[in-house]
Amino acid sequence: MTYGCQTWSMTKAVGQKLRVAQRAMERKMLGLKLTDKISCKEIRNKTQVSDIAQYIAKQKWKWAGHVARLQDNRWTLRVTEWQPRNGKRSRGRQARRWRDDIVRTMGNTWTREAKDKEEWRRGAEGLILQ
C-alpha cells in the first residue's frame with residue numbers, strides 16, 4: 001500500500017484516504033464490522049500497527065536525506081532542485097510539491113543540513129509529529 005510513498009506529495013485528502021483504508025484493513029484483520037462500534041484507538045492497540053501517515057513521513061524524510069547527500073549530478077537531485085520558469089501560472093493555489101513538507105520543517109537550507117546524517121535522523125521526529 002505504501003510502495004514508493006517517499007516520492008508522494010502528501011495532501012490532507014490523500015492522508016485521510018490512506019488512514020481510512022488502513023482502519024478498514026485493521027478491522028478486517030480482527031474480524032470486526034463498523035456496526036460493532038469499537039473505537040479506532042482500541043483497534044490500533046490490538047493490532048499494534050503504526051500509523052500510515054507517520055510511516056510515510058519517516059520514509060520521505062529518509063529519502064530526502066539520501067537525495068541531498070548524493071555527490072554526482074544525478075537526475076533525482078536535479079529534479080528536486082528544479083524550478084520551472086516558463087509559461088503562465090494557472091489560476092488558484094499552487095500545487096503541493098514534494099519538498100514543501102521538508103522546507104516547512106527545516107527551512108530552505110535543508111539540503112545543507114542533510115549532509116550531516118546523524119543530525120538529519122534526529123530531525124525526522126519534527127516532520128513526523130506534524
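Among the elements of the protein chain, which helix has the lowest mean pLDDT, and which the highest? Helix H7, residues 117–129, has the lowest, at 73, whereas helix H1, residues 12–30, has the highest, at 92. Select these two helices to begin the tour. The model is predicted, and the chain as a whole averages a pLDDT of 84, with 95% of the residues scoring at least 70. Where pLDDT is low, the predicted coordinates should not be read in detail.

Next, select the largest nonpolar core. Its 10 residues are Trp-61, Ala-64, Ala-68, Trp-98, Ile-102, Val-103, Trp-110, Ala-114, Trp-120 and Ala-124. Helix H3 (52–68), helix H5 (100–106) and H7 are the elements that give two or more residues to this core. The most come from H3, which gives three.

Now centre the view on Trp-98, a member of this core. Leaving aside neighbours within four places in sequence, Trp-98 is in contact with Gln-6, Thr-7, Trp-8 and Ser-9, among others. Its contacts also include Lys-60, Trp-63, Ala-64, Thr-80 and Trp-110.

Is Cys-5 buried or exposed? Cys-5 counts as buried because its relative accessibility is 1%, under the cut-off of 20%. Cys-40, by contrast, is partly exposed, with a relative accessible area of 42%. A disulfide is a covalent bond between the sulfur atoms of two cysteines; the structure holds zero disulfides.

Technical notes: Residues are numbered from 1 along each chain as its sequence is written. This is a predicted model: local features need pLDDT of at least 70, side-chain atom pairs count only at pLDDT 80 or more; totals for chains, interfaces and linings use all residues. Side-chain values use heavy atoms; hydrogens and water are left out. pLDDT is the predictor's confidence in each residue, from 0 to 100. Helices (H or I, at least four residues) and strands (E, at least two) are DSSP runs, numbered from the N terminus. A nonpolar core is a set of buried Ala, Val, Leu, Ile, Met, Phe, Trp, Tyr and Cys residues joined through side-chain atoms within 4.5 Å. Buried means under 20% relative accessible area, exposed over 50%, partly exposed in between (1.4 Å probe, protein chains only). Contact means heavy atoms within 4.5 Å. A disulfide is a pair of cysteine sulfur atoms within 2.5 Å.
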